[in-house]
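Please have a look at the model below before reading on.

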Amino acid sequence: MKAVFHLDMDSTSLLELCLANVTNFLNDVPEAEVAVLANGYAVKLFVRAANPKLEDRMRELSERGVKFFVCNNALTLHGIKREDVFDFCEVVPAGVTKLVELQNEGYAYIKP
């Protein structure tokens, strides 16, 4: 099974819900391939200085194989440098393009 969780709003509570959903899914289906994709305002949630309290939870999920993708277009729009994003995140040129690629690879779309 494969799933991509899509975040586009700058909302810590939505990120917390997303991380809980991802954890529950992996606990139920340990072999699942999981991605979290952030674009739009949600890229702000993946800036180290802005959101250190959730870094450990995200890092643990990353170590369990969860891929975190952050949109470079949105980073540029919001004046965020790549080096300010958590190191376990992969910056992709366009979040919407990555989202379509993942869906074409069989990832189910989930919007927490």
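The buried residues of α4 are covered by a set of elements that includes β1, β2 (33–38), β3, β4 (89–92) and β5 (108–110), with contact meaning heavy atoms within 4.5 Å. Helices (H or I, at least four residues) and strands (E, at least two) are DSSP runs, numbered from the N terminus. This is a predicted model, where local features need pLDDT of at least 70, side-chain atom pairs count only at pLDDT 80 or more, and totals for chains, interfaces and linings use all residues. Residues are numbered from 1 along each chain as its sequence is written, and side-chain values use heavy atoms, leaving out hydrogens and water.

Helix α4 (residues 95–104) buries Gly 95, Lys 98, Leu 99 and Leu 102 (buried is under 20% relative accessible area, exposed over 50%, partly exposed in between, with a 1.4 Å probe and protein chains only). Down the axis of α4 these fall within an arc of 105°, so they line one face of the helix; the arc is that of the directions from the helix axis to the C-beta atoms. On the face turned away sit the exposed Val 96 and Asn 104. Just after α4, Gly 106 has a positive phi of about 100°.

Now to a strand that helps cover α4. His 6 lies in β1 (residues 2–7) and counts as buried, because its relative accessibility is 9%. Leaving aside residues up to four places away in sequence, His 6 touches residues including Leu 99, Tyr 109 and Ile 110.
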